[in-house]
Amino acid sequence: AAVAAPQATGAAASAAHPPADMARPPKKSSTPASAQGVAQRPRFSAAALLAAAGAALVVAHGAAEPGADIAAAAADEPPTGSVELRRVRRLPLGPSGTPEAEFQPLQLSDVEPLANIGNVQYLGDVEIGTPGRRFQVIFDTGSSDFWVEDGKFSSCSSSTMHRLPGYVPRVSIFYSIGVVSGEVISDRMRIAGTELRDQTIILAGSIRGLDHRFFDGVLGLAFPLLSHTQSTVLQGLRQANVGVFSFRLGFEGERSYFKLGMPPPSWALQGHGLNFAPVVAPEWWTLEGGLVVGDRWILQKSYLALDTGTSYITVPAPYFQVLLQELMPEHALRKCSTHRGTRYFVCPCRNRHDANILYVTVNWEDFPIYPEDLFTPAGWSSGGEEQCVLEVQPGREALPLILGDTFLRTVVAVFDAERFRIGIAQRGREPRLRDTKRRLEEDKAKRASRAPAILPPHRPQMGVDGTPSLWAILGAMGVGAALGTVFGQLLGCLRVSGWRKASSEPAVASGRTGSAAEDGEAGAPYCRM
């Protein structure tokens with residue numbers, strides 16, 4: 001496992017205080033870099049890279065630091081072909097109380113998308129090289145590139161490593177507070193017992209602004225359109241005849257797993273089993289669904305992205321106000337505030353008793369998220385009242401709704417690259433609060449008569465991260481080339497016409513005559529549209 005740097009510098013230094021511990025950007029870019037400079041391309045979903053930036057995090061086998069909370073290991077054995085994930089959590093507002101001056105009244109009319117969303121991450125081991133060496137990485141379904149820190153992996157020590165001839169030598173990945181860049185190589189990789197030969201890997205020799213890291217890299221599991229290397233891990237898995245992988249992310253006290261293939265029966269799928277929906281975006285693991293609060297639709301037929309690299313659920317900022325007003329009654333909402341340092345929405349933890357149940361609905365099946373799982377204890381106010389971060393936060397309007405770990409802990413998720421679909425199944429988690437149990441029964445009784453959706457569907461069209469999709473880019477290039485050709489020819493004709501007009505007067509004065517064709521034969525450019 002990676003170790004913490006002794007001091008934070010740059011952007012990480014400004015996040016070193018407890019309120020800014022939850023650093024993790026919801027977008028990044030990854031582009032090849034040449035010696036002349038590095039271009040940027042916005043990307044969706046940070047690979048959970050900055051969850052530990054400027055914060056002291058610990059892994060399951062490490063020493064605990066103040067404010068950290070690590071899930072206890074259960075006694076069951078990992079399923080065959082799986083990687084056990086270590087759950088790392090940081091109290092975002094600090095365990096020793098937060099001054100009232102750090103909070104400001106909640107202004108629903110002025111909601112801003114958060115730049116960093118992450119306080120819980122799940123880390124697992126992969127093996128690289130010959131002889132193999134283990135690396136602890138973040139398994140991220142919201143990105144596609146695979147990188148590890150160069151200082152932890154010596155390319156000279158692996159007999160199976162080779163550089164890629166004729167390929168761009170460096171790749172840079174941009175995060176909101178830092179940059180990762182390095183050489184692109186190919187080497188043997190082993191994940192969950194499956195060997196991937198000649199897997200493309202970025203050796204991150206330069207990591208700027210990310211001084212505190214408790215992992216060795218990021219393993220992206222999204223589709224190839226997001227990647228700027230020769231091949232992705234997803235493609236490598238397909239070549240190894242593995243087209244499906246599954247996640248079970250645990251709550252505190254539970255084990256978490258990444259598994260190649262379908263989930264085993266021991267994962268206790270509840271309800272009607274796996275509910276499959278087609279992937280609706282060619283870059284990310286995105287399906288179509290809706291949100292319900294209590295007995296009322298918030299929106300339907302919207303794009304929902306399942307991202308293991310994002311801790312919370314994010315809703316586009318213009319929709320967030322409506323969601324909050326439906327989630328909590330007015331008297332409870334008035335007690336909430338915005339943390340000045342992180343911009344997180346924070347409420348007294350007792351608000352969970354007044355909150356409604358949030359449902360993610362896919363193919364008309366409800367997947368409940370209970371209030372006790374939406375309000376995470378995060379510290380204490382100076383008045384001695386326990387404060388909770390709301391695990392639904394505002395995101396960018398150009399992005400889909402992001403279903404991060406808050407949702408993924410309540411389900412078993414299956415990512416099927418062979419059939420281009422996503423499967424989710426309830427884990428059968430029962431409410432722990434009496435108020436939640438009562439509301440659950442009431443919502444079931446009113447399910448058939450739910451009120452119509454308050455908001456229109458949210459279906460971003462130009463790449464769900466706000467950037468044009470591949471086809472949009474190619475189309476724009478084609479249109480630009482065609483317009484350039486037309487205007488170039490028109491400009492050439494105008495210049496020829498002016499040249500002929502200027503050259504005809506001396507010819508007449510000297511008694512020279514001739515046709516335009518003859519003039520053209522004398523060397524004038526000829527223009528034909």
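Buried means under 20% relative accessible area, exposed means over 50%, and partly exposed lies in between (1.4 Å probe, protein chains only). This is a predicted model: local features need pLDDT of at least 70, side-chain atom pairs count only at pLDDT 80 or more, and totals for chains, interfaces and linings use all residues. Residues are numbered from 1 along each chain as its sequence is written, and side-chain values use heavy atoms, with hydrogens and water left out.

**Salt bridges**

- The whole structure holds 22 salt bridges (a side-chain nitrogen of Lys or Arg within 4 Å of a carboxyl oxygen of Asp or Glu).
- Asp125 pairs with Arg86, and their closest N and O atoms are 2.7 Å apart.
- This pair links distant parts of the chain, 39 residues apart: Asp125 sits in strand 6 (residues 120–128) and Arg86 in strand 4 (residues 82–90). Helices (H or I, at least four residues) and strands (E, at least two) are DSSP runs, numbered from the N terminus.
- Asp125 is partly exposed because its relative accessibility is 24%. Arg86 has 15%, so Arg86 counts as buried.
- Arg459 forms a salt bridge with Glu288, with the closest N and O atoms 2.5 Å apart.
- Here 171 residues separate the partners: Arg459 is in the loop between helix 7 (434–446) and helix 8 (470–509), while Glu288 is in strand 17 (residues 286–293).
- Arg459 has a relative accessible area of 34%, so Arg459 is partly exposed. Glu288 is partly exposed too, because its value is 33%.
- Glu330 bridges to Arg334, at 3.5 Å between the closest N and O atoms. Glu330 is exposed, at 59% relative accessibility. Arg334 is exposed, with a relative accessible area of 59%.
- Salt bridges with shared partners join Glu127, Arg188, Arg190, Glu195 and Arg197 into one network.

**Nonpolar cores**

- A nonpolar core is a set of buried Ala, Val, Leu, Ile, Met, Phe, Trp, Tyr and Cys residues joined through side-chain atoms within 4.5 Å.
- The largest core has 78 residues; Phe139, Phe146, Ile191, Leu219, Phe258 and Phe407 touch the most other members.
- Helix 3 (residues 317–327) gives this core its largest share, six residues.
- Another core lies apart from it, with 14 residues, including Val180 and Phe215.

**Ser206**

- Ser206 lies in strand 12 (residues 194–208).
- Its relative accessibility is 18%, so Ser206 counts as buried.
- Beyond its neighbours within four places in sequence, Ser206 is in contact (heavy atoms within 4.5 Å) with Arg170, Val179, Val180 and Ser181.
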